[in-house]
Amino acid sequence: MKKFNIYWLYLIILVVLGGIFFMHDDSQTKDVSWTEFEGYVVKGGVKNIVVYADKRQAEGELTDSMTTVVFGQNNKPLSESPVYKGKIVVNIPSSDKLDEKCAEWKNEGVFKGDVKYEKSSDFSAILWTFGPIALLILFWLFIANRLGGGGGGGGVFNVAKSKAKLYEKDGEIKVTFNDVAGLSEAKTEIAEIVEFLKNPQKYTELGGKIPKGALLVGPPGTGKTLLAKAVAGEANVPFFSMSGSDFVEMFVGVGASRVRDLFRQAKEKSPCIVFIDEIDAVGRARGNRLNTGSNDERENTLNQLLTEMDGFGTNSGVIILAATNRADILDKALLRAGRFDRQIYVELPDLNDRKAIFNVHLRNIKKDESVDVEMLARQTPGFSGADIANVCNEAALIAARHQKDVVQRQDFMDAVDRIIGGLEKKTKITTAEERHSIAVHESGHAVVSWHLQYGNPLVKVTIVPRGKALGAAHYLPEERQIVPTQALLDELCSLLGGRAAEELFLGRISTGAANDIERATKLAYAMVVYYGMSDRLPNISYYDATGQDYGFSKPYSDERAKLIDEEVSRIIEDQYARAKEMLLQYAEGHKELTAVLLAREVIYTEDVENIFGKRKWVSRTEEILEESRQKDMAESNEQNEMPPVFDAKLDEEKA
């Protein structure tokens with residue numbers, strides 16, 4: 001069926017109103033006796049007579065003067081006509097008797113009009129009476145359909161039906177586990193659930209039970225929904241998919257009814273999989289909010305969901321998959337074994353996973369040999385799968401913008417800068433004093449990090465504005481599972497290097513270090529309060545892993561809070577003094593680096609190495625960078641070397 005369009009309703013209303021306007025008889029009618037009727041005819045006040053034989057009635061059309069006499073002087077309309085049309089209706093014994101009387105009147109000369117015979121019709125009266133009611137009914141049905149949101153296609157009558165989209169076997173979803181790069185542990189867990197559905201006897205013969213549910217937990221963009229799509233493509237069983245917000249409705253009791261309808265459909269399609277995306281929309285913890293105006297409808301929906309997942313009824317063959325990035329706010333009854341037997345953590349990809357994800361997204365991109373996947377993976381720490389897909393897409397767009405035939409390494413570097421720092425603002429106006437201040441600041445970061453043991457390897461330093469930043473220094477941070485205290489102190493020292501350079505070499509400080517100071521303060525606070533890395537407060541952590549944040553009370557006294565503030569200030573002051581000492585030691589190199597940065601606006605690792613020499617401490621990331629540079633140099637030399645056949649040809653031409 002074609003989808004109902006609102007313009008159809010407008011057309012129907014116009015047609016009905018037009019019919020009422022043109023078909024409605026606006027004349028006034030009066031029922032009279034036969035004697036009165038005959039008197040009007042004798043006086044010459046009747047122009048025409050219409051006979052309705054089936055109803056034994058006659059209708060006489062009055063002249064204007066007689067209409068005024070019968071209906072009075074107040075009968076004048078607002079239109080141009082002097083009076084409304086007047087009609088008189090009389091009951092007759094038979095049409096034959098009326099014919100004889102009309103012949104007699106014509107002979108006497110009192111009636112000269114026509115006599116017509118018609119069948120009576122009440123369509124106009126019916127339309128005028130019931131037309132507005134029909135329009136109201138149509139309008140109400142339209143509004144009801146909109147309120148129902150098309151839930152199941154039945155409008156308000158199906159508003160309590162589940163909105164889950166059903167994907168049958170061999171349906172339109174073609175995503176498999178091969179399309180999901182990385183996430184090896186999560187894929188192993190989720191693949192076992194698929195195996196349960198494909199071959200349940202393998203597990204039930206040993207007395208095992210099929211898990212009832214699995215919860216995918218992880219940050220946004222890590223591939224939770226993609227994993228669910230892969231399950232739908234691999235399991236070859238009916239797959240129901242819906243969002244947690246689909247249960248929440250403005251009508252009371254609709255959410256619980258939709259949950260019941262969803263599980264009823266799932267039991268009919270058993271074995272099957274039900275996927276609920278963003279389950280935190282309906283699965284929030286109950287009764288832990290202080291506001292009394294909380295939505296009871298959400299709690300009723302959650303109660304019904306808990307009952308359906310593990311209540312007196314059985315849901316054999318129905319496996320529930322759910323995804324959320326806020327597992328800390330979910331109700332504990334929802335997370336217990338028997339409902340969600342497994343919690344599968346989908347974390348941000350590590351180095352190897354990022355390489356695999358890059359390889360997936362680079363399949364359809366035309367690239368040359370300069371693109372190094374290892375280098376790209378190391379330059380994107382903390383990127384999710386969605387971020388990596390965005391990097392590949394941005395690189396292709398940048399290459400197309402520069403009229404290139406293939407995507408090159410520099411395009412990927414620009415794409416990473418675009419995503420991390422924002423859009424490059426070449427037209428942003430900065431004074432010479434500001435540019436010099438920015439160059440001194442960024443050079444301070446580069447000098448300090450270059451001479452620290454745990455300093456991150458430098459990629460480039462730029463004073464070209466991007467986004468809200470007027471300059472930036474890009475590094476390749478080493479991914480560590482365990483971070484020692486000295487690594488955090490070195491990071492603090494590197495963050496404060498820009499402010500220290502301003503104070504030493506400009507004699508003043510500026511607001512350009514606002515972001516550096518913010519990050520340094522948070523890191524120092526974490527060292528004292530979370531990691532227990534303070535000399536005066538060792539081995540104490542006030543971090544709350546439950547997400548409750550201790551409510552209105554702090555877990556320490558005012559004296560302890562003062563001590564925490566003192567320790568945070570001491571750590572930052574020590575690292576600031578350390579950064580200034582290091583900058584004074586390499587003041588000449590800093591001055592030279594600032595001059596190069598002002599002249600070229602962008603400097604790379606090679607420029608810093610030419611000034612200060614190779615770093616004393618070399619990380620695995622720097623080894624990868626060095627191998628990549630050596631490879632590029634070798635390829636460049638091969639391209640510059642001329643093959644012998646061309647040398648012989650040139651010699652022949654000279655001869």
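In this predicted model, Trp105 is buried, with a relative accessible area of 1%. Trp34, in contrast, counts as partly exposed, because its relative accessibility of 29% falls between the limits of 20% for buried and 50% for exposed.

The structure holds eight aromatic pairs. In one of them, the ring centres of Trp34 and Trp105 are 6.1 Å apart and the planes meet at 25 degrees, so the pair is stacked; the cut-off for stacking is an angle under 30 degrees. Trp34 belongs to helix H2 (residues 34–42) and Trp105 to helix H4 (residues 95–108), so the pair ties together parts that are 71 residues apart in sequence. Another of the aromatic pairs is formed by Tyr525 and Tyr530 and is edge-to-face, with 6.3 Å from centre to centre and 85 degrees between the planes. Tyr525 is partly exposed, at a relative accessible area of 32%, and Tyr530 is also partly exposed, at 35%. Through ring pairs, Trp34 and Trp105 are linked with Phe37 into a cluster.

Phe37 is one of the buried residues of H2, together with Tyr40 and Val41. When H2 is viewed down its axis, these buried residues fall within an arc of 100 degrees, so they line one face of the helix. Their packing partners are strand S2 (46–52), strand S3 (57–62), helix H3 (64–71), strand S4 (86–91) and H4. H4 is thus connected to H2 both by the packing of these buried residues and by the stacked pair of Trp34 and Trp105. After H2 comes Gly44, which has a positive phi, near 80 degrees.

Asn48 has Glu61, in S3, as its bridge partner.

For the protein chain as a whole, the secondary structure comes to 24 helices and 14 strands. Of its 655 residues, 40% count as buried; Trp105 and Phe37 are among the buried residues. Of the contacts between residues at least 6 apart in sequence, 75% join residues at least 24 apart. The chain exposes about 37,300 Å², of which carbon and sulfur atoms supply 53%.

Definitions and conventions: Residues are numbered from 1 along each chain as its sequence is written. This is a predicted model: local features need pLDDT of at least 70, side-chain atom pairs count only at pLDDT 80 or more; totals for chains, interfaces and linings use all residues. Side-chain values use heavy atoms; hydrogens and water are left out. Rings of Phe, Tyr and Trp (its six-membered ring) pair if their centres lie within 6.5 Å; planes under 30 degrees apart count as stacked, over 60 as edge-to-face and the rest as tilted. Helices (H or I, at least four residues) and strands (E, at least two) are DSSP runs, numbered from the N terminus. Buried means under 20% relative accessible area, exposed over 50%, partly exposed in between (1.4 Å probe, protein chains only). The arc is that of the directions from the helix axis to the C-beta atoms. Contact means heavy atoms within 4.5 Å. Two strands pair if DSSP finds at least two bridges between them. Accessible areas come from the Shrake-Rupley method with a 1.4 Å probe; for residues, only the protein chains shown count as cover.
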